[in-house]
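This report goes through a few features of one protein structure. Please look at the sequence and the model before reading on.

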Amino acid sequence: MTTMLLSTVSVASAAKSSDADGHWAQDNLRKWVDSGLLQGYDDGSIQPDRPVTRAELMTLINRSFELKEKQTVSFTDLPSSGWAAEQVAIAVKAGYVKGYEDGTIRWNEQVTREEAASMVAQLLEMDDSVSTSAQSFDDASSIGGWSKASVGALVDAKIISGYPSGLFVPKGKFTRAQSVTVLEKALHYIKSGVEYSTAGVYGPEKGAESIKGNLIVSAPGVVLRNMVIEGDLTLTAAIGEGDVHLDKVTVKGKTNIAGGGSKSVHLRDSVLVHITVNKQSGAVRIVAEGSTDVQSVVLQSASIVEEKGLTGAGFTAVQLAKELSANEEVKFLGSFTDVNVYAASVRLQTANGSIDKLTVHDSAAEAVIQMDVTSKILNMVLDAAAKLSGQGVIEKAVINKGGAKTVFEKQPAKVEGEGAVPEAPVIVGGGGNGGGDGVVVPNTQLKSIRIDGYALKQKPADPDQEAREGFDSEHSNYEIMVPNNVALNDLKLRTETTGPGTSVTVMLEKMKGYDVAALQTDTDGNLYYPIPLQIAKHQYVTIESKQPSGQVKRYSLLVKRLPNAPVADRNKLDETDILVEHRGIDISLSIPPIPATVTVSVYDSADRKNLLIKETVVPKKGFGIYHAYVFLNTLPQIGAIWISVINDDTGEDVFLKKEYMILDSILPIYNGEMSGDILRPATAEEVAKHNAETINPSSTGAALTLYKEQLPEQIRNFAYLRFEQRNSIVTPFYSQQERAYHGATYDPASDAWTTLTFFEFSSEQPKGYRIIFYDRNDVPLGGLFFINNLINQ
């Protein structure tokens, strides 16, 4: 009769046994006894050299790997109940035992070494199909064909070994000491995990690969596909600013992200339980796509969390942890269920989506939340005071006692809580950018502000947003543009109050302090405030409305002076083209016809501290064209430059911000030899058809055909592209996924897009063309760059 491994003897008494002392497996035996994985016998012994039965080995495996799920079994030789029946049911469910062809399981027979190897290899789901290591043993011919690959796989993984004599002894008995040693190594094998340290695609093209332990990614450019990771997934700092893609990956453990950059971690049709982001410097972008489902995310460093083309649950719960440093930024793009802010002085941005519930906890004092006009928060709970800026919508805000000093630029639709006041405060006069320059005042509003003869523009919170025209009582910052050749007469500013008793004060900013504009009456008997114009200077105006109760609201107005040219010509100046080439940035600037010299300067920041280029240009008749070149090594790969155009006679200054992306450091370069497959001259028939349909006839043109298989993988699913030549940007067309083709056709048979464009070429052949691909959030994915004369006239 076989003695059951599970004994009632205590661990302490077993530990006192001396029969393991000096044994070759002494350390592992003691470790397993101390942890409760191995128990002794009634006499206090461990009996390390005692052979184990098949059911006893199953018990050790199930206990050490914490297997508990059972499957109904009906082996002819297995009792219907008892410890053996339970352990066999667990082993069958785990898939590492099946039974014999005669319907038995032979649970009470002593297990052989090759049987044990087969069970452990199947437990670990090891790929044993190619291992030949079993052939290295002197008795390899004695190892059964059914077990030889499993033995080899365990030998390769250093989980099992043979005897010093060079024999494996496959039919030999498997002892308690051997069982503990092999299973200890198997556990270590799982915990140590698999590491991918070079770029590439990992995982099968079809089906699913199971990774029993942890998986580590320590290189950029890694794609994981069709995987189930039973342990943890770690993306290490070695990824740097590179990217990692997960495609149909399930992670049952934790996912730790310590590396990646602004385009980094893409989760497509994947399932993850918990993500922690903790990168030492710089932001990590995490994008959920398709049916991806992530239960929780903890952000301990700057991050961009985005949902894109989502059909699954996406990011369910996101936490801005206390570990986030002051002023670190977290940006949300998409729709989120639950966001909790615990970090103090953190900066949170929302755009292009919504948050069902956002909670600012009592530890998150002085959090700044900037809401793009495209964003919405359905329910906000404030346990600490925060600053909310921007024109996003807050449907309901519950302001608890700790959040009583919260300030809003735009009022929530509904306010509740013991910290709420009848009219919650608003931020005014600070530009709406969430900074600390604004004045906190109660909310009282004017009905209208207008300037005779000029359109009032709302200055957006985000400088990259398009400005809206007209007055909005909830918006605080405005500007108008006045050409400098307008006579120096006073502008007429008019206001309309919300009710009787409201007073209005108009203040004109000077070098020190303000002048107060006196209310006057025009020839029609209407009241206005005179705003004096000055040569080559902008005028800052503050309009303050005050109710009898003492409530005050301030609006700011910037009167901007433009060069001596109509506003339409100034808009031409706004259309500055920046052509990014393989060496640097070529700036082509249209100068309006000003009867004077102008100085064009290029800076790398808005504060004008670092001058990149300074040149003087004398425009000819019509529009002058100014060319300047900034070399690649003086600028970062992606960024912006600021261009100043100053009239040297009057000092008038137009200041433009232009963003750029230097292509060739991240994009493939195609030379003339390859261009024929993608870019070709338009045919005579195509040109004739174009000329018959347009008021702008052309003598020549270009045809662009993009085959999906020719495109790098990261840009194949582009949302739209721009096809450009020097000084000319062609109307973009959209990809198949957008189902809209602006001048483009899609051929499913060849999986290709084709578009035609026509240029009025000058006597000099264009020097270059480029195609830039964008996603739906206008983020460049990559591009193609063509140089030299690729199209013959």
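## An open sheet

What is the strand order of the open sheet of 4 strands? The order is β25-β29-β33-β32, and the pairing is antiparallel. Strands are DSSP runs of E with at least two residues, helices are runs of H or I with at least four, and both are numbered from the N terminus. Two strands pair if DSSP finds at least two bridges between them.

The edges are taken by β25 (448-451) and β32 (520-521); each has a single partner strand, so one side of each has no neighbour in the sheet. Strand β32 is joined to β33 (residues 527-531) by 2 bridges. Gln-520 stands opposite Tyr-528 in β33.

## Basis of the model

The model is predicted: local features need pLDDT of at least 70, side-chain atom pairs count only at pLDDT 80 or more, and totals for chains, interfaces and linings use all residues. Residues are numbered from 1 along each chain as its sequence is written, and side-chain values use heavy atoms, leaving out hydrogens and water.

## Nonpolar cores

A nonpolar core is a set of buried Ala, Val, Leu, Ile, Met, Phe, Trp, Tyr and Cys residues joined through side-chain atoms within 4.5 Å. Buried means under 20% relative accessible area, exposed over 50%, and partly exposed in between (1.4 Å probe, protein chains only).

The largest nonpolar core has 59 residues, of which Leu-224, Phe-315, Leu-320 and Leu-358 touch the most other members. Another core, of 52 residues, lies apart from it and includes Phe-75, Ala-134, Leu-154 and Leu-183.
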